[in-house]
Structure formats: structure tokens, C-alpha cells
Amino acid sequence: MMIRYILQRIMIAIPTLLVISFVVFFLIQLPPGSFLDAKIAAMELEGGVDMAEIETLKNTYHFDRPMIVQYYYWITGFVTGDMGKSFETDVEVTRTLAELVPVTAAISLFTILFTWSLAIPFGIIAAVKRNSPLDYSLTFIGLTAMATPAFIIALIFQVVMQSLWPQFDPTGLISREYVNVPWSMAKFADLLKHLWVPVFILGVGGTAGMIRILRANVIDELKKQYVLCARARGMHPVKVILKYPVRVAINPLVSGIGSILPSIISGSMIISIVLGLPTLGPRVLQALMNQDTYLAASCVFIQCVLAVVGILLSDLLLAVVDPRIKFGGK
Amino acid sequence: MSKEPILKLENVHVKYDTDDGAVHAVRGVTYDVYEDETLAIVGESGCGKSQSSYAAMGLIQPPGRVSDGKIWFRNKDGGEAVNLLDHHKDSKKMRSIRGGPLAMIFQEPMTALSPVHRIGQHLDEVLKLHTDLNKKQRFDRSCELLTQVGIPDAAKRYTQYSFEFSGGMRQRIMIAIALACNPRLLIADEPTTGLDVTIQNQILELMASLQEKHHMGVVLITHDLAVVAENADRVAVMYLGRIVETTDVHTLFEDPKHPYTVSLLKSVVGSPLTGEGRLQAIRGTVPGPLDVVPGCPFHPRCDEYMPGICDQELPTLEAVNEKTCAACFLYQNRKKKEASS
């Protein structure tokens, strides 16, 4: 039954992705002009238009053909693993991805770990000790952190760090001596040394939000009769809370895994720009602004695929952790 | 019936500290329960009937607390009685009693089981907490218990979830969990509220047969006088956190003493006290939890209200005859004489 359900969901996902891929491509092509027009304009400014180069570009990327044909060339290439080249840098899209995705994913995964490892215990404590001074201070810190945009936190952080610890460079991820050096243990260690800054800045808002959600969920569950019944069986109150209400309250977090997946490779655009992080976010922004169709469409589409896969994954996970969903019970 | 009570509450008070002041939910309740006996505690919602038993179980949660009194529990017949209030409510001692020799079932069986754990996990948990049985023995005992409470196909049902059971079945499971460690005393807090009438009967009959088999004492908390008539041996009537009358079940229906008991009985369909006429509602409403009523708390609603007496002093629970105790000045001659002289 479970396998049939999974197959069914995959069958639905395929046409969904096709429609999404078209919409993505269409939207990126939508602004007037194309990369080619911009290129010709730039060449004119520099003095001479190299018609041969323009012709080559035209032939390689089918700029003179209708949009639907261009879409066809892009999507067939994408499916076979050939995502084309960036118009701007003439570098393979796959190479750009291979370069930027690992760092982006590392930041995102550490951010998720940071968020969960703080939010889960604090959410539970805030719920159990609700309306206590501890709960109120967590609420105060949490609401402040949620209300402050992350880029403001990033800027404040930079200013504060500059005055407290001038030697420390809070921007970037890799020290100067390691740029353009192949990956090694030393370089990885250097990455870890820098990683906590973006992880902290990116994670603060999410952590605060998740504490609120978890607190509300646990409080809802604490009122339920089955918690009292478990206590009446003579179970230790702390064990009761961890075994029953927390177990039920954690379900919404599991369903959140789906929405996390696409953001793992996108990273946060604004924070990456403020902190000068070499992640995919700023690169995609640049590609979108330059109408660098292949790079932009491929990156955005990969995120869409991850979103669809993520939602499928979280639905399945939720069915595993919550029997009420698997059996369609009440 | 043994001579010594299993559970004895002495002048138990429960208070809830709120921002508007302390709510005095239980104001000096005294009762005892013996082996093989069912004591029914009757009263309207909010009269403290559940709270007094929660106090015995150590289940009063902050901001509530047991502010005074003694709760004696005798684990073995002829053994020493322990004052449960000498131990912290979550101490090892209290946890070993709660769910073991002193078990409780609750109203609303629909939400009494965790929606994400199997039925068997609940049974296994209580056996693990209170016995030394190994995994296999616990499984066998669980199946035996499920069969005992009338759930067929126990081994299969063991692995199912609560939402796969009806309300009546869930209450049977709760009873199985409560009985898992052969309790000496079972507190049943409105065990049939929310179940339909035929199921109510089945559950009460099941409880009665299990009581007979295991010689348990039962505290049956209810507002349903029909349930009292069918199941109780003795009855304590509560009003606003106090016991106003205690008597045996026959006397309660034939010769009620306290005016509150009388009005309760008059408001029940088919009661001899109602006669042919209309059902009678009790005048007025229950005072709010923070209102202070001087004298007898029932006097504003009482038909027998004696000005100058009932609104002056609080009547204590005293014997009216050999069967009944009532907290009412109507039966306390000394006070009456004082007033007339």
C-alpha cells in the first residue's frame, strides 16, 4: 500500500515538474531583450561589433528561434545532464554548481543543525515552564530575533566584531591564503573556523521562530488527557513529557523538512551578499539580472525539483512518524 | 470487608493560587474507602469531587496544591498506613504507588491514549514501571488483561492505535491499564461520561465484576445519580468543596437529609421525591470560585434556610442517625435550641 502510494506520488510529480520547468524558463525569458542584445550593445560601446562572434552565440544558443524551441533545447539538455554554459563566463553550468553547491549546502546544513539543536530543547523548556521568567525572557529574545532582518544582524555583527576583535574577518568563508588552493584538511578546518558566523546569523531568526512553534505545540499537547493518564501510571513527569507531548509536537517539524530542502542549495541571497559568501545565491541573482538564461533557469529549476522531492519526502516521513496519517484515522 | 480502610482522606484542602486570589477547590474533605466497597462521590461540576481524588493520586498540578490534611493509604491489609502527603508528589515512593496499588481511570476515554503510540505500548509501560516481568511476560500479561476487559483478539489489538477503537473500547483499555498491577484501590473519575447509555452499562458492569474478582476498593466519582443507585455502596455528596452528606446508597434515595441532597434528587427524572409534578431545578446558581458565602455555603439556594443561623456559621458534618451524617443545622439540635432561646 505504501509502495503504491509512493509510485502514485512520483507519477504526479513528473508532469508537475514539466509545467514548472516551462514556467521557470518562460519567466526568465520574459523581460524584454536577451543576453545577445545586451552583448551587442556592450560591443558597440567598445567600438566594434564582432558579427562572427554574435553568429556563433546565435547558433549555439538558438537565439533566433522562438522561445518554445529554446525551451526544448534547454530541457532536453537538462534531462541528459548537459545544462549548457553560462553566456557570460562561458563556464559550464555544472562546473559552477559543483563549485558553489558544497559550500552552500554546508552552510545550510549547519544552520539547520544549529536551529534544531537550540529550538527543540528551548521550545520544550518554554512550554513546560510557561509564564515563568525563563519563558518570558525566551519570548523576548525570540520575538526580537524574529523581528530583526538577518541582514541587519549581519551588519551589526560586522560592526561589533570590528571593534571587539579587529583581526577577525567576519566576511567570506575562506582565508586569503586558502583561496584557489585545492581542498585539504587544513582548508576544511579553515572553512569551519569561518562557518559559525553565517550559521549563527542565518540561524537566529529561524531558531526563534521554531521555538515559538514548538512551544505552542507542546503547550497544546500538555493539556491533553493522555499526558495526565501517563502521569497517573506512575511515570516520571520528565519522561512523560518527552515520551508523549514532545513526540506529538515534533511532527510539524518533520513536515518542515520538505521546505528546507530547496533552501539548502539556494542559501540566503542577501546574507551571502552582505557577508561576501561564495554561495549559489548571489551567483543566481547575477545570472537573473544578466539574463544568463541557462545558468539561471538551471539553478532555479533544480531548486524546484528539490522542493517537489522535499514535499514528497516530508509527506512520507510524516506518515512514518504519525500513524494517524498512514491509516487515515481521526 | 476488612476493618481498616485502604484509603482515608482527613480534612484535605486543595488550593489554586491564581492572580485573582486563591481558589479553594477542596475545603476539608474527609472520607474513607474499604476493600470490596464502592464509595460514590456525587456533586455538581466544580464541587471539588475530582480534585479530592487527584490529591490522593498526587496529580494536583501547580498553581494548585494540597494545602492541608492527611491522606492515609494502606498498601497491604493489616499493614501500616502511609500518609501520602509526607512524600513529594513526584517522589519515587509516590510514583511506585500511583499506577500500581492506587490506580485511576478518567473521563473522556477518547483522548486518554496517545494518538501516536500503540495500545500495547501503554500497557507495556505500566507493567515495566511497576513489575519485574520480562518483555515476553509483559506481552502475555497485556494480552491477558485485554481479554479480561472484553477485548477479543488481544494479540492483534495489542499492535493497534487508539483511533482504531471506539470510545467504549478505549475505556476498556484504560481499565486494563489501571488493573495491570492489581491495584488495591481504583479511582474512577466519571468513567462513563461521554459514552452512550448501553456502553455505560457495559463498562460499569465490567468494573463491578473486576472489583468482585480482585477485592478492590472503588471510588466512583460521578454526577449521575442513576449510576450511583446502580453501583455504589456508600455515597458522599459534595457541594462547593465540602462533603455535605454521607450515607449508604439505600438511605440516600429513601431518606435524604441535607436540603442539597434533597434538591439533587428532586431534579432527577423518575425520582420518588419528584412525584407527579414537574422536575424541580435547584434555585440560583453555584457561587463563583472566588465568591465568599458566609455561613453554610448552600444557604442562598436552600429552601429550609433559617435566617440568623445558616448565614452566620458553618455547619460541620455530624451524625444525624446511625446511617447518615449531614452538615446542616436542621439536624443539629444544639444550634437550633440556641437559636430559639
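At 1.5 Å a residue, helix α4 of chain A (residues 67–79, 13 residues) should span 18 Å, and its end C-alpha atoms are 18 Å apart, so the two values agree. The expected span is 1.5 Å times one less than the number of residues. Helices here are DSSP runs of H or I with at least four residues, strands are runs of E with at least two, and both are numbered from the N terminus.

This is a predicted model: local features need pLDDT of at least 70, side-chain atom pairs count only at pLDDT 80 or more, and totals for chains, interfaces and linings use all residues. Residues are numbered from 1 along each chain as its sequence is written, chains are lettered from A and ligands numbered from 1 in the order in which they are written, and side-chain values use heavy atoms, with hydrogens and water left out.

Several residues of α4(A) are buried, among them Tyr71(A), Trp74(A), Ile75(A) and Phe78(A). Buried means under 20% relative accessible area, exposed over 50%, and partly exposed in between (1.4 Å probe, protein chains only). Their cover includes α1 (2–29), α3 (51–61) and α15 (293–321) of chain A. After α4(A) comes Gly81(A), with a positive phi near 90°.

## The whole chain

Chain A has 16 helices and zero strands. Its C-alpha atoms fill a box of roughly 85 × 60 × 40 Å along the principal axes. Of its 330 residues, 43% count as buried.

Contact means heavy atoms within 4.5 Å. Among contacts in chain A with a separation of 6 or more, 72% join residues 24 or more positions apart.
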